[in-house]
Amino acid sequence: NSHKRFKREWIWNQMHIMEEINSPLPHHVGKITSSARKKNAMYVLEGEYANSIFKVREDTGDVYAFERLDREKKSEYNLTAHCIDRTTNKALEPPSTFIIKVYDVNDNVPVFVQKAFNGSVPEMSPVGTSVTKVTAVDADDPTVAGHATVIYQVIQGERYFTVDESGVISTATADLDRETQSTYEIVVKAKDSPGLHGGDSSTATVIITLSDINDNFPTFKQQSFHFKVPENIRVGSEVGRLKVEDIDEPQNRNTKYNFVRGHYRDTFEIIPNAFTNEGIIKPKKPLDYEKIKEYKFDIEATDPTVNMRFFKSGGPKSIAAITIEILDVDEPPIFSQPSYVYKIKENYLPKNPLGTVLAVDPDAAKRKIRYTLRRSSPSGDYVKVSNSGDIFISKPLDREASAWHNLTVAAQEIMADNRLSDIESHTQVYIQVLDQNDNAPEFAYPYEPKVCENAAPGKVIIRISATDKDEMLPGVNFKYSLTTEDSNFTLVDNHENTANVTVKYGQFNRERAKIHYLPVIISDSGTPELSSTNTLSISVCKCDEKGEFTFCEEAAKQVGVSIQALVAIFICILTILVITLLIILRKRHKKELTVLRKNVAEIHEQLVTYDEEGGGEMDTTSYDVSVLNSVRKNGMNLETRPCLYAQVQKPTGNGNSGTGEMAIMIEVKKDEADNDGDLLPYDTLHIYGYEGAESIAESLSSLESGSSDSDIDYDFLNDWGPRFKMLAELYGLEPNEDFVY
């Protein structure tokens, strides 16, 4: 059996379908078929939307669309066709792919890419000036003629603007004036060419703003202006404002003000302010009521930058009359000069004034002026200023201390009530102190020369120079010389204000002198010629073979202390001594007061314990109270009465009332206690009057023994032994005898 191969191929119609078909579904798309003509052949579809949107009849191969298609969503579909055996499901033909194309219909309206557009164009622009561009999009197939064509049209504002087929909006008139209308809102329509829906359209809003150009002249809002200003207004301050009207925007305002009548351009200037549409008048120099009381002039306002092509009705110039009234104020005095310079020789005290400052009252009152020195540099009472402005030198001036004296002098008006005005003016006075040759030259530096002990003759030790506190003008010369030639040094003048100190003989002996003192006389060339002696301390040093110093003694350095420093130190020491002395005296006073108080306390304590004494002066430890009790039992009366309490009770016996020694002593002590503030008060003496109040034996005091009326004989106390010896002596006195406690 032999096998014969047959050539087979797919056979179908062109696959395409129109979008949005209005006929009932399904819509026939096409037919697929194969050359394999078998009864059991079956057609199957695979691919995009197979068996959902697109389906095929298994027996005939007809392909149907079961939904209406929209080309704007999807314009073509890729599918695969299969031919298989119905019974075995085996492929009778290899699969084949094909495309179903969706044909476009003009079914979409043009849509603007945005709802509103913005544009700007200068005012007064020529016709056809481009403003902005609008864009609308049609979703239909642009390859099909007329389907995606958009037609633009201005349907609102067409009088002022037009739009072309590309969407560019342009001006339709040349008289667009921003000052009349600055913003335009137009409506543009995008229309589709006639098609399925009969040419539908959409609209968009376009907002067009006119930008400003300088096409208007400024004009004054009023024909005249009147201002009042005080005469003491500062230069550059505001006098007033001229209101002008320029309807252009600030960046296009360039108002210029010109004086057209009244030549005061040197007195005033007018500064334009574009943002406020004002011209600000400012003085260029001080105003003076006494000279000119009123200014009148005309001002012209114009704008030279206006483009005359756009010139509108109204004049290019605007003129206003200006009146400035000057108000009188109380002005401070005016000095005849802004500053004064005087010269005086130092160390000279003139009797007459060095000079005079002068100021006058600029007002009509012409008041008198009083002068006052406000500040002096350097400070001090070297210079004084009288009430009339005369400048006096009160002390000789020293140029070396200060070459210039700077003064600030104030001038004030004297009012009618002799009161000084609250306002004042100032001037500067400069006093130059001229130099006099009053200082001798001296060493320029604190030299510390050294010399080798084996230095050869002619060896230069040091080069010295001098300085002078006086003014060193060009040509000043210093001369150097030695006070004596009897030394191992010589001095060579270099004739250039320097001198060399050289070795004269050489061979110094360190054992004899380690330091040589060389007095050098330095003279100046002033008038009169001054000189001073300055001492060089030359150290003799040990040197090595190369002549380098190996060991030197340092010369004692002189430390100078000024007189002012010594006075300050002395005042400090004196102050410390005075403070120390005051502290010592205060401490001593406190100590004495403490001792006094302590003694009073001790006396008080002794007086309190005095009533406990009963054993006699020999018994310092205790006493036997029973003895005193026995005395009382035997009929003995040791009665004593208080003698001091508030008022002193004086003895009354023997007709000597109030004249006894004890009474006198108490009166004296009382007066001392009353008049001495450092002692205890007098009323504390009552403690003494109560001594013995707590004692069983009562008081043993004999203060009132002389005034007692008792006839008891106390001689028996002598028999009681040494312990009662004191009592025996006290009570053994005769009644008419005086005693001192």
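# Close-up views of a predicted model

View 1. A contrasting cysteine is Cys 572, which is partly exposed because its relative accessible area is 47%, a value that lies between the limits of 20% for buried and 50% for exposed.

**View 2. The disulfide between Cys 452 and Cys 543.** The count of disulfides comes to two, and this view shows the one that joins Cys 452 to Cys 543, with an S to S distance of 1.9 Å. Cys 452 belongs to strand β36 and Cys 543 to strand β42, so that the link spans distant parts of the chain, 91 residues apart. The angle about the S-S bond is -95 degrees, which makes the link of Cys 452 and Cys 543 left-handed. Both Cys 452 and Cys 543 are buried.

**View 3. The disulfide between Cys 541 and Cys 552.** The sulfur atoms of Cys 541 and Cys 552 are 1.7 Å apart and form a disulfide, and this link, with 125 degrees about the S-S bond, is right-handed. Because Cys 541 lies in strand β42 while Cys 552 lies in the loop between β43 (549-551) and α1 (563-610), the pair ties together parts that are eleven residues apart in sequence. Cys 541 has 0% relative accessibility and so counts as buried. When the bonded cysteines of the chain are numbered in sequence order, the pairing reads 1-3, 2-4.

View 4. In soluble globular proteins, nonpolar side chains tend to be buried together.

View 5. Thr 255 is placed in the loop between β20 (240-245) and β21 (256-261), and Thr 255 counts as buried because its relative accessibility is 7%. Not counting residues up to four places away in sequence, Thr 255 touches Pro 218, Asp 246, Pro 272, Ala 301 and Thr 302. Phe 275, in the loop between β22 (268-273) and β23 (278-283), has 72% relative accessibility and therefore counts as exposed. With neighbours within four places in sequence left aside, Phe 275 is in contact with Pro 250 and Arg 253, and the C-alpha atom of Phe 275 is separated by 8.4 Å from that of Glu 249, which is 26 residues apart along the chain.

**View 6. A mixed four-stranded sheet.** The four strands form an open sheet in the order β10-β17-β16-β13, and their pairing is mixed. At the edges are β10 (116-122) and β13 (150-156), each of which pairs on one side only. On average, and with direction ignored, neighbouring strands of this sheet are turned by 30 degrees against each other. Strand β13 pairs with β16 (residues 183-192) in the antiparallel sense over six bridges, and the bridge partner of Val 150 in β16 is Asp 192.

**View 7. The enclosed strand β3.** Strand β3 (residues 27-34) is largely enclosed by the rest of the structure, because six of its eight residues are buried. This strand pairs with β6 (residues 62-65) in the antiparallel sense over four bridges, and Gly 30 stands opposite Val 63 in β6.

**View 8. Salt bridges between separate parts of the chain.** The count of salt bridges comes to 20. One of them joins the side chains of Asp 330 and Arg 367 at 3.6 Å, N to O, and this pair links distant parts of the chain, 37 residues apart. Another is formed by Arg 463 with Glu 496, whose closest N and O atoms are 3.4 Å apart. Since Arg 463 lies in strand β37 and Glu 496 in the loop between β39 and β40, this pair ties together parts that are 33 residues apart in sequence. Arg 463 counts as partly exposed at 47% relative accessibility, and Glu 496 is partly exposed with a relative accessible area of 46%. Elsewhere, salt bridges that share partners join Arg 178, Glu 179, Asp 212 and Glu 249 into one network.

Definitions and conventions
Residues are numbered from 1 along each chain as its sequence is written. This is a predicted model: local features need pLDDT of at least 70, side-chain atom pairs count only at pLDDT 80 or more; totals for chains, interfaces and linings use all residues. Side-chain values use heavy atoms; hydrogens and water are left out. Helices (H or I, at least four residues) and strands (E, at least two) are DSSP runs, numbered from the N terminus. Buried means under 20% relative accessible area, exposed over 50%, partly exposed in between (1.4 Å probe, protein chains only). Contact means heavy atoms within 4.5 Å. A disulfide is a pair of cysteine sulfur atoms within 2.5 Å. Two strands pair if DSSP finds at least two bridges between them. Axes are lines fitted to C-alpha atoms, for helices over the stretch in contact, and angles run from 0 to 180 degrees between N-to-C directions. A salt bridge is a side-chain nitrogen of Lys or Arg within 4 Å of a carboxyl oxygen of Asp or Glu.
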